[in-house]
Amino acid sequence: MSWPLAIFLGFIQGVTEFLPVSSSGHLAIFQSFGLEDIHERHLFFDVLLHLGTLVAVCIVYRKDIVEMVRATISLVRPGRGDEENPVAPSKARLALMLIIATLPMVLAIPLQSTVRQLGNRMWFVGLMLLITGGVLFFSDKLARGRRGEKNMTVKNALVIGFIQFVAVLPGLSRSGLTITAGAMTGLDRGFAVRFSFLLSIPAIIGANIVTSITEIDVVDWSLMPMYLAGVLVAGVTGYFAIRLVKMLVDAGKFGKFAYYCWFAGAVAIIASIVLAIMN
């Protein structure tokens, strides 16, 4: 691990975690060209990078998070609101929908090793990136929905949740697929973006808990300054990536990312063919 590598990995994590271009797919592509396997050699750093992007989400959606916590507490302890800061029942409902949408991710826990093996197959990563591009291209053509936090249904939440589960496959974009799934089920596009990014919070926390318990063994604390630099870069770039996605969805240009995914997918497939011939 070096300072430039730590900063580069932080940048890649921050950008690709939220832009609909698949963070796992990009790391797989870079590793095929000789980039150090961060999950194998610096697993603790991998966990920290995800926490950096988690902080970015929490900063952007801090108002929603605070209101959901207050609304949830008010259900347990009625009368906690006041005239200046009334509790919105819709926020408690939003929290419930997020919990429901997170449930399918439990199915991904026993599939970790299989997913990691698929990430080593460049043709598969390339194929998934091509599929991601197709989904994104299709997303801009969907009719605009009207459902929001007040009237989204359990069905909406479950569909988005199962799509998030499918998106654990390397090369599929979690944000791209869940935002498109939200729009497809009738959610307002702005709310679909908000729901997708809020949904990433329990997904990131859960994945890091599982990884920390089952895989992290020894931590090289001498590398912590480099790790923290990468985390800072991941957090900052993640913050601006979220803002960019919100802006592009509002402008109806979310599908523009399809062309990049198709390009990256083609590169991955060609690279897999070349490497197969060379070996």
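**Exercise 1: A residue in a helix contact**

Thr237 has a relative accessibility of 15% and therefore counts as buried, in a model that is predicted.

Task: State in which helix Thr237 lies and with which residues beyond its sequence neighbours Thr237 is in contact.

Solution. 
Step 1. Thr237 belongs to helix α12, which spans residues 224-250.
Step 2. The buried class applies because 15% is under the cut-off of 20%.
Step 3. When neighbours within four places in sequence are left aside, the contacts of Thr237 are Gly10, Phe11, Gly14 and Val15.

**Exercise 2: Packing of α1 and α12**

Task: Determine whether α1 is roughly parallel or roughly antiparallel to α12, and describe the residues of their contact.

Solution. 
Step 1. Two packed helices are described by the angle and the distance between their axes.
Step 2. For helix α1 (residues 3-18) and α12, the angle is about 25° and the axes are 7 Å apart.
Step 3. Because angles under 35 degrees count as roughly parallel, α1 is roughly parallel to α12.
Step 4. The crossing of α1 past α12 is right-handed.
Step 5. The contact residues comprise 14 nonpolar, six polar and no charged.

**Exercise 3: Two aromatic pairs**

Task: Classify the pair of Phe44 and Trp221 and the pair of Tyr61 and Phe197, and locate the residues of each.

Solution. 
Step 1. The structure contains 13 aromatic pairs.
Step 2. In the pair of Phe44 and Trp221, the centres are 5.6 Å apart and the planes stand at 65°, an edge-to-face arrangement.
Step 3. Phe44 lies in helix α4 (residues 43-60) and Trp221 in the loop between α11 and α12, 177 residues apart.
Step 4. Trp221 counts as exposed, because its relative accessibility is 58%.
Step 5. Phe44 and Trp221 also belong to one aromatic cluster with Phe45 and Tyr227.
Step 6. The ring centres of Tyr61 and Phe197 are 6.4 Å apart and the planes are at 40°, so this pair is tilted.
Step 7. Tyr61 lies in the loop between α4 and α5, and Phe197 in helix α11, 136 residues apart.
Step 8. Tyr61 is buried at 4% relative accessibility, and Phe197 is buried at 0%.

Key
Residues numbered from 1 in each chain as written. Predicted model: local features only at pLDDT ≥ 70, side-chain atom pairs only at ≥ 80, totals over all residues. Heavy atoms only, no water. Helix = DSSP H or I, 4+ residues; strand = E, 2+ residues; numbered from the N terminus. Buried < 20%, exposed > 50% of the residue type's maximum accessible area, 1.4 Å probe, protein only. Contact = heavy atoms within 4.5 Å. Axes fitted to C-alpha atoms, helices over the stretch in contact; angles between N-to-C directions. Parallel < 35°, antiparallel > 145°, perpendicular 65-115°, else oblique. Left-handed = near helix turned anticlockwise from the far one by under 90°. Nonpolar A, V, L, I, M, F, W, Y, C, P; charged D, E, K, R; others polar. Phe/Tyr/Trp six-rings, centres within 6.5 Å; stacked < 30°, edge-to-face > 60°.
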